[in-house]
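Trainee: Could you show me how to read contacts, cores and cavities in a protein model?
Mentor: Gladly. Let us take them in turn.

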Amino acid sequence: MSAITWEVFASRGFETAWPELGEGVLRARGRAVGTVPEPYWISYGLETAGGFVTRRLSVTAETGGGTRTLDLRHDGHGRWTANGEPLPDVDGALDCDLGLCPLTNTMPVLRHGLHQVPGRREFLMAWVSVPDLAVRPSRQTYTHLEPGRVRYSSGDFRSDLEFDEEGYVVGYPRLATRLTAR
């Protein structure tokens with residue numbers, strides 16, 4: 001399993017992920033360190049089911065205030081729980097989006113091949129803020145611009161992301177840039 005490392009400008013930190021792709025499934029583990037909005041360490045594990053639909057995201061965040069954990073689960077039928085508690089605000093979402101984490105942009109892009117073929121898709125995401133690990137609904141749009149380039153937008157925010165052939169983020173202006181090749 002090879003690693004991908006990003007410099008994450010938005011957190012003034014770094015992230016390394018060890019992803020595994022296979023037949024419509026993504027599994028990964030990762031670590032991140034940042035200093036904005038406060039110094040933190042993040043450890044995560046991500047599992048998807050077929051079609052790159054999130055099944056589970058487990059996250060541990062360590063800050064000066066202590067350690068928090070999140071066990072975010074999707075039941076495969078549109079319902080989500082966080083540490084066993086229902087999350088009706090994100091029901092219907094297929095994906096999680098771990099804040100400041102370039103890896104979690106991979107699932108919707110791969111599911112629809114948006115890094116390779118024309119298309120525009122709107123999604124509801126179970127967005128996890130870092131480092132507090134609060135889960136909120138996030139409406140996001142991904143639009144194919146050209147091979148390897150996809151426009152991401154959410155609310156007033158917009159950024160043109162660069163992806164490699166496998167569907168991993170290479171460049172995410174104002175958020176992160178990849179430091180290592182796959």
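**Contacts, core and cavity**

Mentor: Leu103 touches Trp6, Glu15, Ala17, Pro19, Ala28, Tyr44, Leu46 and Tyr168, leaving aside residues up to four places away in sequence. Keep in mind that this is a predicted model.

Trainee: Which residues have the most contacts inside the largest nonpolar core?
Mentor: Start with the general idea. In soluble globular proteins, nonpolar side chains tend to be buried together. Here the largest nonpolar core has 47 residues. Those with the most contacts inside it are Ile42, Tyr44, Leu57, Leu72 and Leu103. Strand E10 (residues 120–128) gives this core its largest share, five residues.

Trainee: How many cavities of 30 Å³ or more does the structure hold?
Mentor: One. The largest cavity has about 70 Å³ of space.

Trainee: Which residues line the largest cavity?
Mentor: Val8, Glu15, Ala32, Tyr40, Ile42, Leu98, Gly99, Leu100, Cys101 and Val130. By type, the lining has eight nonpolar residues, one polar and one charged. Ile42 is in this lining, and Ile42 is also among the core residues with the most contacts.

Trainee: Where is Glu38 found?
Mentor: In the loop between strand E3 (25–34) and strand E4 (40–48).

Trainee: Why is Glu38 called partly exposed?
Mentor: Look at the relative accessible area. Glu38 has 30%, so Glu38 is partly exposed.

Trainee: What does Glu38 touch?
Mentor: Thr63, Gly64 and Pro131, not counting residues up to four places away in sequence. Now try a distance. Glu38 and Ser138 are 100 residues apart along the chain, and their C-alpha atoms are separated by 23 Å.

Definitions and conventions: Residues numbered from 1 in each chain as written. Predicted model: local features only at pLDDT ≥ 70, side-chain atom pairs only at ≥ 80, totals over all residues. Heavy atoms only, no water. Helix = DSSP H or I, 4+ residues; strand = E, 2+ residues; numbered from the N terminus. Buried < 20%, exposed > 50% of the residue type's maximum accessible area, 1.4 Å probe, protein only. Contact = heavy atoms within 4.5 Å. 1 Å grid on protein atoms, 1.4 Å probe; cavity = no way out; pocket = protein on both sides within 12 Å on 5 of 7 lines; lining within 4 Å. Points joined across faces, edges and corners; volume = space filled by probe spheres on them. Nonpolar A, V, L, I, M, F, W, Y, C, P; charged D, E, K, R; others polar. Core = buried A, V, L, I, M, F, W, Y, C linked by side-chain atoms within 4.5 Å.
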